[in-house]
Structures are given as C-alpha cells and as structure tokens.
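Subject: Structure handover

Hello,

Here is the structure you will be taking over. Please look through it first; my notes follow below.

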Amino acid sequence: MIDDSIDLENNVTESEDVTESEDVTESEDVTESEDSSESTLSSEENAALMEISSLPGVGPVTTKKLQDAGIYTILDIAVRGPTDIADATSFETDKAVELCNKARLKLVEIGKFEKDFVTATEIYDRRQKIERISTGSSNLDELLIGGVETQAVTEFYGEFGSGKTQICHTLCLNVQLPVEDGGLSAGAIYIDTENTFRPERLRDIAVERGMDPDEALGKIIVAKAFTSSHQELLVGELGKVIEDSNAKLVIVDSLMGHYRSEFLGRGTLATRQHRLNRFMHLLTRTAETRNVAVVMTNQVMSAPDAFFGDPTRPVGGHVVAHTSTYRLYLRKSGKNRIAKMKDSPYHPEHEAVFTLNERGVDDPVDAKAKSKKK
Ligand code: GTP
Ligand code: MG
C-alpha cells in the first residue's frame, strides 16, 4: 500500500503541472483580508451589503441557484471562484467569471477587498491583522513565532501517533481562550475525515486547562467527511458556518486520507491532484479572506530516492507542498515529540520539543522546570 503511493507520488510532476491552470490564477485575485470599515457597520448593514441580489443584473433565479450550491453572500462568490461556481451551479463559465468580477468590484467598492494594485505598506498593514493561537506548548509556539497564524494554512505531518490529532484537539480549545491566554475568544470548526475526533478527550483536556468542558464543546462545530467529494463539499460551505459560529480556526484532520484510499493507480493521479488543488485553494482563500487559521494534518510516506537524512515525506505531492503556507514535520522521541519547521516563507528551519499528556499538547517536564526557574 505504502509502496504504491511512493511510486505515484514520485512520478506526478507532469500531471500536477496540468492542474496548475485555472484555479491557481483565480486564487490570485481573491487573496485580500477583512476590512477596517467592518467595525463601523452594524451586522445587519454588513449583511445587506453582502446580499447577492444587490449585484447588478443578478436576479432571484441566479441567487436561488447560488444559494442551493451553498453560496450565500458576495464574499462567498469571491472566495469560491469561477471554476468552482460553474461546477456547483451548472452556469456557463463566462457567466461564473462575470459574477466573480462583479462580486470583486462590489467588495472593493465597499472596502471589503483592497484594490488590485496596493502599496507594500498596505500589504504590511493587512498582515498586522494576523492573529495567533497557542498550541499549548510554549516551545512549539516559539517555533511558530507566537502560535498558529490566521490568514495561513499550517500543515502538521508525521507518522501515526506523532501527535497531529492531539495538536488539533488542543488548538480547538485554546482558540476559545482570551487573547492574553493565547486564544482569540472564538470558536473552531473541525472536519474529521478519519473518525478520530474525540469529544471525551476534549472534555478531559478542557478540565485540565481550567475550562468549562460543556461550554468548550459547544463552541466546536464538527463535520465528519465520509468521502473526498464530501470533504470538498464541506469546505465549499465553510463561509456560512464560520460566520454563524464566530470561528477563527478550521481543522482538516486529515487532508489526504480519503484521496489516498479512493484514487488508486497511476491512471487516477491527474484527477486526484486536480481535485486536491481546488480543495487546497479553497482552503487558502478561506483563510485569507476570512482571517481564520487553517490547520490540517497529513500522512507520510517513505521516499526511496533519499540517500541522506530522514526519508519521510508528506503525501499529496507538489499541490499540497505549494499551497500550505507552513509545513511542520512531527516525529517521536521517546515520550516527547519533536516538531521541525520544514517550509515557511519566514520561519527558520528550527526544531521544538513538546509532549502529549492529559493537557493535550504541553511542554516537556524539564522545559517547564527551566522556565519556572527563570
Ligand atoms: P495518526 O492519526 O494515527 O496518523 O496519528 P496522530 O499523529 O494523529 O497521533 P495522535 O495525535 O492521535 O497521538 C496519539 C498519541 O497521543 C498517543 O500515542 C499518546 O502518546 C498520546 N495521547 C493520546 N491521548 C492521550 C492521553 O489521554 N494522555 C496521554 N498522556 N497521552 C495521550
Ligand atoms: Mg490522527
């Protein structure tokens, strides 16, 4: 099973290049973040501005078709992009492109999106809105320069038992804490593809962390994805759920499980990578436009071409490699776990030691003793 994937993953360059086409370019025009005018408008006024029917030339039939496809607001149109909208609604591509352009213009007009050409200062200001969620381990937070970021996709990959799911569980609780305690006073959305979401475990961790377990569970929205297409459907509907639940964190645990089991054999690889590419770009756009943190877990395989070092590689090929903002490799080290930053636009390739215990993710005992001494 693993050997199959080694061959497939290592020979995908050609097919992946093919999948780069429409989706990649589309995503470029929808990467803006939240605006500053939001705070001055009431939620009703904001909702009215976001109504699809307020777009010129868009009538009730189009609006209804979009709603049936889970697209409720102008922001949803911009996030989904023309290819996805055409697929979901059976509109002609031209119509979908026109809709997206109208949505984008409207968003620029009302200050939700910034202009296409902006100064570096404006980009810098937008990045100042990035917020961070503590992982539960100060070592791991330090590696991430303050915790898991909003407006980004953070990928944790590693072998079974390396702590991926435990990190996801702990983050779901930490995001609920106030900012001074490492959270964002917000909820979480958990897309569970491997049936490993455990509310009992969450309750235990919440109690250990001094949180009310009932209240904590109420702020986590869970969706079990039964197939890869179900997983894609769920991510397409995220916009509304994020708004309704005031979520600042979206978890996908795990990204590749369904794709790996459904797409067997080399002949299916191009389709798999194409679908995966769209899924990943939707996640990225959601993170950026809604200022939420996306955290996903990934499985590993052994790369036969690695003569030196650790031959462990994340699965998903170039598509996942190019779209994850940050990639962290987790490995076991006795009772502890070691996280290594493998891919990041600005983090150094450092390592951090953490542990898994009744508090979920935590610092190892010796590290805690050291920080107490300071
Ligand atoms: P796969 O999904 O199988 O690839 O693994 P994963 O990386 O998601 O592993 P996961 O996060 O589920 O980590 C499992 C490990 O967490 C176990 O081997 C334990 O070391 C640890 N763990 C899980 N629950 C508890 C607990 O209640 N107490 C303690 N002390 N450790 C726990
Ligand atoms: Mg897991």
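In this predicted model, R327 has D343 of strand 11 as its bridge partner. Another position to look at is Y329, which stands opposite K340 in strand 11. These pairs belong to the contact between strand 10 (residues 326–333) and strand 11 (residues 336–343), two antiparallel strands joined by 7 bridges. Strand 10 and strand 11 form a hairpin with 2 residues between them. In the turn, G334 has a positive phi of about 60°.

Strand 11 is also joined to strand 12, by 5 bridges, and this pairing is antiparallel as well. Here N336 has T355 in strand 12 as its bridge partner.

The strands named so far are part of an open sheet of 9 strands, in the order 5-4-6-7-3-10-11-12-13. Its pairing is mixed. Strand 5 (220–224) and strand 13 (360–362) are the edge strands, each pairing on one side only. On average, neighbouring strands of the sheet are turned by 25° against each other, direction ignored. As background, strands of a sheet pair through backbone hydrogen bonds, either parallel or antiparallel.

Next, the helices. Helix 11 (residues 164–174) lies across several strands of the sheet, including strand 3 (152–158), strand 4 (187–192), strand 7 (293–298) and strand 12 (351–357). Strand 6 (247–253) is another of them, and helix 11 runs at about 165° to strand 6.

How do helix 11 and helix 12 (residues 199–208) meet, and at roughly what angle do their axes cross? The axes come within 10 Å and cross at roughly 55°. The two helices are therefore oblique to each other. Helix 11 passes helix 12 in a right-handed crossing. On the side of helix 11 the contact is made by H169, T170, C172 and L173, and on the side of helix 12 by R201, L202, I205 and A206.

The largest nonpolar core has 64 residues, and C172, L249 and I251 touch the most other members. Helix 17 (residues 269–289) gives the most to this core, with 6 residues. Leaving aside residues up to four places away in sequence, C172 touches A188, Y190, L202, I220, L249 and I251. There is also a second, separate core of 18 residues, with L75, A78, V79 and A96 among them.

Regards

Methods: Residues are numbered from 1 along each chain as its sequence is written. Chains are lettered from A and ligands numbered from 1 in the order in which they are written. This is a predicted model: local features need pLDDT of at least 70, side-chain atom pairs count only at pLDDT 80 or more; totals for chains, interfaces and linings use all residues. Two strands pair if DSSP finds at least two bridges between them. Helices (H or I, at least four residues) and strands (E, at least two) are DSSP runs, numbered from the N terminus. Axes are lines fitted to C-alpha atoms, for helices over the stretch in contact, and angles run from 0 to 180 degrees between N-to-C directions. Two residues are in contact if their C-beta atoms, placed from the backbone, lie within 7 Å. A nonpolar core is a set of buried Ala, Val, Leu, Ile, Met, Phe, Trp, Tyr and Cys residues joined through C-beta atoms within 7 Å. A residue is buried if 20 or more other C-beta atoms lie within 10 Å of its own, exposed if 12 or fewer, and partly exposed in between; C-beta atoms are placed from the backbone. Angles under 35 degrees count as roughly parallel, over 145 as roughly antiparallel, 65 to 115 as roughly perpendicular and the rest as oblique. A crossing is left-handed if the near helix is turned anticlockwise from the far one by less than a right angle, and right-handed if clockwise.
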